[in-house]
Amino acid sequence: MTHTTIVTGAGGWLGRALLASFSGVWGSGDTSIGGESHARDGVLRALVHTANEVAGVLVVAEGAEVHVGDMTDPEVLKRLFEGADGATVIHAAGVIHPKRASDFVVNSVGARAVVAQAITTGVGRFVHVSSNSPFGVNSAPDDVFRADEPYRPYLGYGRSKMDAELVVRAAVDAGDLDAVIVRPPWFYGPFQPERQTSFFRLVRRGIFPMFGAGENRRSMVYIGNLVDGIVRAEQQADATGKAYWIADARPYPMTEVVATVKQALADAGIKVSERQVRVPRLFGDLAEKADGFLQERGRYQQELHVVGELNKTIACDISAARADLGYEPTVDLAEGMRRSVRWCLDQGIEL
Amino acid sequence: MIDVEVLVIGSGPGGALTAARLAEAGRQVFVLEEGDWIEVGEHEPFSLDQMEAQYRNAGQTVALGRPPIIYTEGRGAGGGSEVNSGLYHRPGPELLDDWARRFAIRDLSERDIVEHSREIEKTLSVGTVPGAVTPASSVIERGGAALGWATREVPRWMVYGETSDAGDGERQTMTRTYLPRAREAGATIMTGVHVDRLVKRGRRIVEVRATKRLAPGISEPLRFRPEHVFVCAGAIQTPALLQRSGLRTNVGRTLAVHPMVKAVARFDDAINVPDDVPVHQVKEFAPNISIGGSASGPGLLGLALAPEWARFAEVTADWEHSSLYYAATRTQGHGRVQALPFLDDPLVTYRLTRGDGKMLVHALERMVHLLFAAGARRVYPSVAEAVELRTAADLTELGQRLKLRDLNLMTVHLCSSVPMGEDRARAGVDSFGRIHGFDNVRVNDASLLPEAPGLNPQGTIMAIASRNCAAFLAGAR
């Protein structure tokens, strides 16, 4: 019997990376992108939200069965899971930057619908892709989140991703689902969306705001490392009910992130501004407050949200993934950013 | 006028060790102690009765600030060692090197300290529990194991039988160790003496004025003419005495504490051991955050739930199933100690930063998470508008709304009010405790630690005090 792999959120950054890796397009000798190949036989089923994402999926996995629809719609899910008992499910769909704050609820409602359908179908391993947001920000620049921590959701997104984790955990606790939770922080690498490209542009022009001395740290994950972590979470038999941080080997100070992006751009022959805009730390706190204020009133402003998080430390400890899953991040920030820049240039994206 | 070679003011861990070291080296030592000599066991350990008798102001002094921090200071022969939890940490090379570098302190490597630590560990019989630890201590170990957080049994200065359980040890306080040794070597220890001020002339202290309490309401003045003075009255009283004496440079401006948030945790099993404290601590987040257990007699449980204890009366009624836990943090903010004319107690203020508040709330959340992981049925954090937490979801809700000002904070670790170092812009005393600008007056207690160390500090205080005594005897400048 052929194995089926179902990927939700397939049109997104991570979804496309997963499918490209599973189809063998990514990694099999294609060194211009790099990354690990996890080519697999069997059926690849992909769920995308809108029809205009279909082409982007087929480019990376031409044999995939692509379903179009809303992950909260039971009819859509029924078709997606048709005859898929024993299948692997990678639930990577989520709303990160919605138009309205109320749209975050899609993350938990969607998780509930997908989990319910997965239970009905009787799938195999279910890998739930979560986030750092249910855990908020670290309380000191040298603090790191351990594998098991209390929830401290950061605003609307954090709460919705926490609720989604709770849905998955409840299904595991009831003995209904064999699920593992994977928590990536901020990712980078090929298949990056426009928001990451504009980050590169701001850095290139020296106007990406650096708060205070920039000593706050961020854990990041190269998308190839993340795909590897997800596959390991899928395959590790005794990981049911566990949750793992999947990130690069260490958190990076914000100054290092910016300097590394600049270097990667310069190495690709792109002219990089030597200046660096610095902003008093206070502005980050103000942005955080304003973001919270707006979200309480149902509004969401992406720039404000991103700026509000920039002066915070969001760092995690991957030792549990190393110990239990044998996960080892092979690409670091310098190499990963080089690959990201090369991918952008190959796609004809102007930086 | 009493002529003495070395006058030691205060008989806590710093003063007692100083008295013993110098007396054993043949110096003529006179120790002045404000409180009384109370034998170990005279008061029930960790009880309200003991707080009344062996703490200054019955253990309830307040550092003003938003929020205020309640602090406790031991008073009496042996000082804090008579009443504290007895948990010992040897100062490690990372801490010492970091301090030496950041605060310009000479000769503070592990090599300079380790022999002193070894001697102290031997004298105080520092060791772990041979038998069973208390059920309240096992809670911390169990919670840590469930979460994958590192915990450890912290050794204590206790003499145990070969198979003794935690409650059967004999505490090796200063009145059992260094003070008798000092006396044996010829030191005089006088209790009931309040030191009013030091009289300075040029670079020297030429006289010490004190008051001896004879009976309630009856006292007589005492005057000493010392060759050397060691001020070891603790991180609050040492700077207060120096300020009263006109020694004010970098004195009392940098008080550091580990503020603690507490919570009562209720379990299905009987876990409370009223006369002992847990020996396990969570080390996973050291040195920023430390989690451990506190003395938990029924009265202390009630105090932690105050002012809302009436709402949770069943907790104190059913006290055998509950125990108190704390989460302590290091702070960026500092406190001040300011002696006031005509008042015995100095004004103590403490300013916590926004970042300190965030870390304290985070510490509280991690502590409650640990207690639930260890099987707690209910947790009652000591915060304004106290709540009963039954589930992880309750904790999430509380964490989302808690602000620094909502926390009921207390502390037992007071230090750094007269910090040491060669940088005269910041340090009150030199690398060996001698007050900058003076020849014959030294500080040798918690006051001279350059910052709060992030762990129970008595082991560090004593090791540095012992090193300072060696430097004094060797004539180092």
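Visitor: So two strands pair if DSSP finds at least two bridges between them. With that in mind, what is the bridge partner of B:Met158 in β8(B)?

Guide: B:Met158 has B:Arg171 as its bridge partner in β8(B). Keep in mind that this is a predicted model.

Visitor: Noted. How many bridges join β7 of chain B to β8(B)?

Guide: Two bridges, between β8(B) and strand β7, residues 156-159 of chain B, and the two strands run antiparallel.

Visitor: What sheet does that belong to, and in what order do its strands come?

Guide: An open sheet of three strands in chain B, ordered β5-β7-β8, with antiparallel pairing. At its edges are β5 (126-127) and β8 (170-171) of chain B, each pairing on one side only.

Visitor: Still on chain B, which strand pairs with β1 over seven bridges?

Guide: That is β12, residues 218-231 of chain B; β1 covers residues 2-9 of chain B, and the pairing is parallel. Within β12(B), B:Val231 is the bridge partner of B:Ile9.

Visitor: And which residue does B:Ile9 bridge to in β2(B)?

Guide: B:Leu32. β1(B) and β2, residues 29-32 of chain B, are joined by four bridges and run parallel.

Visitor: What sort of unit do β1(B) and β2(B) make with helix α1 of chain B?

Guide: A β-α-β unit, and a right-handed one; the helix, α1 of chain B, covers residues 13-24.

Visitor: Changing topic. How many residues of chain B are in contact with chain A?

Guide: 16 residues of chain B, which meet twelve residues of chain A. Two elements of chain B give two or more residues each to that side: α10 (354-373) and α11 (392-401). α10(B) has the largest share, with seven residues. Sorted by class, the side of chain B that touches chain A holds six nonpolar, six polar and four charged residues.

Visitor: Now chain A. How many helices and strands are there?

Guide: Chain A has twelve helices and 13 strands. Its radius of gyration is 19 Å, close to the 20 Å that the globule rule gives for 351 residues, so chain A is as compact as a globular protein of that length. The C-alpha trace of chain A spans about 60 × 45 × 40 Å along its principal axes.

Visitor: What share of chain A is buried?

Guide: Buried residues are 52% of the 351 residues in chain A. Helix α1, residues 13-23 of chain A, is mostly covered, with eleven of its eleven residues buried. Among them are A:Trp13, A:Arg16 and A:Phe22.

Visitor: What follows α1(A)?

Guide: A:Gly24, which has a positive phi, near 95°.

Visitor: In what order do the seven strands of the open sheet in chain A come?

Guide: The order is β3-β2-β1-β4-β5-β6-β11 of chain A, and the pairing is parallel. β3 (65-68) and β11 (243-245) of chain A are at the edges with a single partner strand each, so one side of each has no neighbour in the sheet. From one strand to the next, the twist averages 15°.

Visitor: Which helix packs on that sheet?

Guide: Helix α5, residues 155-173 of chain A, touching β5 (125-129) and β6 (178-183) of chain A. The direction of α5 makes about 150° with that of β6(A).

Visitor: Last one. How many bridges pair β1 and β4 of chain A?

Guide: Four, in the parallel sense, between β1 (residues 4-8) and β4 (residues 88-91) of chain A. In β4(A), A:His91 is the bridge partner of A:Thr8.

Terms used. Residues are numbered from 1 along each chain as its sequence is written. Chains are lettered from A and ligands numbered from 1 in the order in which they are written. This is a predicted model: local features need pLDDT of at least 70, side-chain atom pairs count only at pLDDT 80 or more; totals for chains, interfaces and linings use all residues. A crossover is right-handed if, with the strands pointing away from the viewer, the path from the first strand over the helix to the second runs clockwise. Two residues are in contact if their C-beta atoms, placed from the backbone, lie within 7 Å. Ala, Val, Leu, Ile, Met, Phe, Trp, Tyr, Cys and Pro count as nonpolar, Asp, Glu, Lys and Arg as charged, and the others, Gly among them, as polar. The radius of gyration is taken over C-alpha atoms; the globule rule is 2.2 Å times the number of residues to the power 0.38. A residue is buried if 20 or more other C-beta atoms lie within 10 Å of its own, exposed if 12 or fewer, and partly exposed in between; C-beta atoms are placed from the backbone. Axes are lines fitted to C-alpha atoms, for helices over the stretch in contact, and angles run from 0 to 180 degrees between N-to-C directions.
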